[in-house]
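Below is a short briefing on one protein model. Look at the sequence and the structure first, then read the points in order.

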Amino acid sequence: MKLQALLAKLAALQQLLALRRTMSLHQECLKLLGTDVTPRDLIPDDVACAETVSTIIRRVVPDFPIIPGTYTLWRQLENDSRFRRVTVPMPGTIIISPTGTAKKLEGTPSNGHTGFFDQGANIMSNRSRDGKFLVTQLS
């Protein structure tokens, strides 16, 4: 019985840590709004969303790798026990549509995109034109 109580406390602690990490990610996002999070442009701005998101994650989780593509980022998040899939997002929750997983139109490969949920129906992500990290309202 003591083991079950201890496991329940551990699960509750893990949930609190995940909530704190999500809140910290949101705070980092707010600090970076309007900036180019990846000014060295290791990846061209028009496809740098995963590099931007992984750079922001690294500011909160220092050993998180910088990742250039959405599919690789998705796999990293799936395999990292510090992150878990959620069905009800909150500010700071990562949203990701990995390259190659959406339906293709007339044989054209689908590009992925990733960012962070903000308040309401808003997403924070890099703008492809110039790499600025901005808020976009979902329609």
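**Charged pairs and a helix face**

Glu28 is buried, with a relative accessibility of 11%. The model is a predicted one. Six salt bridges occur in the structure, and Glu28 takes part in a salt bridge with Lys31 and in another with Arg59.

**The pairs of Glu28**

- Side chains of opposite charge can pair when their charged atoms come close.
- In the salt bridge between Lys31 and Glu28, the N to O distance is 3.0 Å.
- Both Lys31 and Glu28 belong to helix H1, which covers residues 2-32. They are three residues apart, about one turn of the helix.
- An α-helix has 3.6 residues a turn, so residues three or four places apart point the same way.
- Is Lys31 buried or exposed? Lys31 has a relative accessible area of 57%, so it counts as exposed, the cut-off being over 50%.
- Glu28, at 11%, falls under the 20% limit and therefore counts as buried.
- The salt bridge between Glu28 and Arg59 has its closest N and O atoms 2.7 Å apart.
- This pair links distant parts of the chain, with Glu28 in helix H1 and Arg59 in helix H2 (residues 49-60), 31 residues apart.
- Arg59 is partly exposed, at 48% relative accessibility.

- Asp63 is exposed, with 54% relative accessible area.
- Arg82 is partly exposed, its relative accessibility being 28%.

**The buried face of H3**

- Which residues of H3 are buried? They are Thr70, Leu73 and Leu77.
- Seen down the axis of H3, these buried residues fall within an arc of 60°, so they line one face of the helix.
- The buried residues of H3 pack against H2, E1 and strand E2 (113-117).

How values were computed. Residues are numbered from 1 along each chain as its sequence is written. This is a predicted model: local features need pLDDT of at least 70, side-chain atom pairs count only at pLDDT 80 or more; totals for chains, interfaces and linings use all residues. Side-chain values use heavy atoms; hydrogens and water are left out. A salt bridge is a side-chain nitrogen of Lys or Arg within 4 Å of a carboxyl oxygen of Asp or Glu. Helices (H or I, at least four residues) and strands (E, at least two) are DSSP runs, numbered from the N terminus. Buried means under 20% relative accessible area, exposed over 50%, partly exposed in between (1.4 Å probe, protein chains only). The arc is that of the directions from the helix axis to the C-beta atoms. Contact means heavy atoms within 4.5 Å.
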